Structure formats: structure tokens, C-alpha cells
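Keep the picture at hand as you read.

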Amino acid sequence: MEQPSSVVARWLAAGDSGDVDAFDELLHGDVVVHAPRGLSTEDLEAEKQVWRDAVAAMPDLRHEVQEVVAQGDVEVARVIVTGTLHRDFAGVPGGGKPFHMNQVVFCHLEGGKISEAWEVADVASLDDQMSP
């Protein structure tokens, strides 16, 4: 498989595969990630833990990057997130249901690494898909 070229795409691919050690090369140690559902983090180790928990709850988690727009030290990715929620995660009860959700990830880069990111996700559609 071809290595994604954008930093944001490489971050998401590494997270999906459970390779949080790759985050050392992609994220600053004091990275701030703004995310919905209480998943915001304020350093690299906390971000790694969020991804460990996500992959444990959704082993088939995938962030399919549809497009990336880059300008200067900013990258923005439009993403489709899919997976099957087997365990509770971020306030959403597990139950083995598959889902898909649209997301936009907006990243500021410093020295080729992400220093701050904003994840904007359609969590309302996720709630609808997970409800009985």
C-alpha cells in the first residue's frame, strides 16, 4: 500500500493500524487535539491513549481520507470514518453495530509535525446509527 504523503493522512493511517509509536514522528510532544465527545487531548501521550482505546473498541476502525488541502503550515482533510463499535467508546455504547461518519480534520503544522488539530465529526449521525 502506498504511504500517504500528507501528515494528517499519515497520522490517521498510523492510528487506524494501532501504530501509535509512529505519532512520535507526526505529532509534537505538546500537541493539542480538539475533538468531540470528550476526546480532546493536550499532549502526545494522551493522544496515543485515545487511539489505543479507539482501536480496542473498534478493531476495524478506518479513516478514509477523501481529499487533503494544504496551504503553508495548514492541512485540512475530509474523511469518512468507518468501523464496528464492539465496546463502549466516548460515551457511545458498544453493541457490535457498524457505522460510517463524515469528519473534517484541520491541522496546524510546525516543522513538519502537527502542533494543533481540530476534529469536526458528524456525531449526530453516529448517534442515529447506534440507537436501537
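This is a predicted model: local features need pLDDT of at least 70, side-chain atom pairs count only at pLDDT 80 or more; totals for chains, interfaces and linings use all residues.

Residues are numbered from 1 along each chain as its sequence is written, and side-chain values use heavy atoms, with hydrogens and water left out.

Side chains of opposite charge can pair when their charged atoms come close. Here a salt bridge means a side-chain nitrogen of Lys or Arg within 4 Å of a carboxyl oxygen of Asp or Glu. By that rule there are four salt bridges.

Find Lys-48 and Asp-24, whose side chains meet in a salt bridge at 2.7 Å, N to O. Asp-24 sits in helix H2 (residues 23-26) and Lys-48 in helix H3 (residues 44-57), so this pair links distant parts of the chain, 24 residues apart, where helices are DSSP runs of H or I with at least four residues, strands are runs of E with at least two, and both are numbered from the N terminus. Lys-48 also forms a salt bridge with Glu-45, with the closest N and O atoms 3.5 Å apart. Glu-45 and Lys-48 are separated by about one helical turn because they are three residues apart in helix H3. Together, Asp-24, Glu-45 and Lys-48 are linked in a network of salt bridges.

How covered are these residues? For relative accessible area, buried means under 20%, exposed over 50%, and partly exposed in between (1.4 Å probe, protein chains only). Lys-48 is buried at 5%, whereas Asp-24 is partly exposed at 32% and Glu-45 is partly exposed at 46%.

Now move to the strands. Glu-67 and Arg-78 form another salt bridge, their closest N and O atoms being 2.8 Å apart. Glu-67 lies in strand S2 (residues 62-71) and Arg-78 in strand S3 (residues 74-85), so the pair ties together parts that are 11 residues apart in sequence.

Patches are made of residues with over 30% relative accessible area and no salt bridge, joining like charges within 9 Å and nonpolar side chains (Val, Leu, Ile, Met, Phe, Trp, Tyr) within 5 Å. Val-104, Phe-106, Trp-118 and Val-120 form a nonpolar patch. Strand S4 (97-110) and strand S5 (113-121) each give two or more residues to this nonpolar patch.

Definitions and conventions. Accessible areas come from the Shrake-Rupley method with a 1.4 Å probe; for residues, only the protein chains shown count as cover.
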